[in-house]
Amino acid sequence: MNAPLAINAFVSAAAITLGDMSVPIARRFAKDLSALAGTAGAGAPARVPACRHLDQPHLVDRAVSSAATLNRAISNAQTQMCWRQSCRPDAPDLYNENHAFVEVVGPDGHLAVDGIRFGLFVLGPEVYYPPHVHEAEEFYLILSGTADWQQDDEAYRPVPPGQIVHNASLQPHAMRVNDEPLIVLWGWCGDIGWTQYRFV
Ligand SMILES: [Fe+2]
């Protein structure tokens, strides 16, 4: 499968999965992504070390809606995606080689659109992603692995595959990954700039 086809198939599969969720922000992204069908375009593939966590057959837990289709779509598309890792000077070293993200849809995405960012995010086992904020409203849909998640200064709670974490604009949030890699769909809407992204 060539790159535009594979990436487009991923976006379509993600739209189906998100459309089955009851959380409004997921349904909103399902609608936005469906409207992009057939437009997959630019962007050369790139890999970072944490992409090694994608080189295995089971990327999407069966608790996730339409898991088999989404699993296949990610497997086919992940080698065509432009993966990145944080290069922020304040990013903790412990996850620099143990996290990867790709913006598939958005101003910097394979599908260039304004107003939203959407993609995949991978964190390796035992990684701690400390409390941080950003101006965008955000969702994460857990595809596989389990992390303990925190919002504001509440206690950490495990969020299993198939569930969504929804963060308001500038709401502090953090996660600690358990013993398996964490693979999630993520989406940003509202103010999707990076200027207020910071650890808190
Ligand atoms: Fe976030």
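Arg 47 is partly exposed, at 42% relative accessibility (buried means under 20% relative accessible area, exposed over 50%, and partly exposed in between, with a 1.4 Å probe and protein chains only). The structure is a predicted model, in which local features need pLDDT of at least 70 and side-chain atom pairs count only at pLDDT 80 or more, while totals for chains, interfaces and linings use all residues. Residues are numbered from 1 along each chain as its sequence is written, and side-chain values use heavy atoms, with hydrogens and water left out.

**Salt bridges**

- Side chains of opposite charge can pair when their charged atoms come close.
- The whole structure holds 4 salt bridges (a salt bridge is a side-chain nitrogen of Lys or Arg within 4 Å of a carboxyl oxygen of Asp or Glu).
- Arg 47 forms one of them with Asp 55, and the closest N and O atoms are 2.6 Å apart.
- Asp 55 is partly exposed, with a relative accessible area of 47%.
- Arg 28 and Asp 32 also meet in a salt bridge, at 2.8 Å from N to O.
- Arg 28 and Asp 32 are 4 residues apart in helix H2 (residues 24-34), so about one helical turn separates them. (Helices are DSSP runs of H or I with at least four residues, strands are DSSP runs of E with at least two, and both are numbered from the N terminus.)
- Arg 28 is partly exposed at 36% relative accessibility, and Asp 32 is partly exposed at 25%.

**A salt-bridge network**

- Glu 103 and Arg 117 join their side chains in a salt bridge of 2.9 Å, N to O.
- Glu 103 belongs to strand E1 (residues 99-106) and Arg 117 to strand E3 (residues 116-123), so the pair ties together parts that are 14 residues apart in sequence.
- Both Glu 103 and Arg 117 are buried.
- Asp 108 belongs to one network with Glu 103 and Arg 117, joined by salt bridges that share partners.

**The sheet**

- Strands of a sheet pair through backbone hydrogen bonds, either parallel or antiparallel.
- An open sheet of 5 strands runs in the order E7-E6-E9-E4-E11, and its pairing is antiparallel (two strands pair if DSSP finds at least two bridges between them).
- Strands E7 (157-159) and E11 (198-199) stand at the edges with a single partner strand each, so one side of each has no neighbour in the sheet.
- Strand E4 (residues 128-133) runs antiparallel to strand E9 (residues 173-177), and 3 bridges join them.
- His 132 has His 173 in E9 as its bridge partner.
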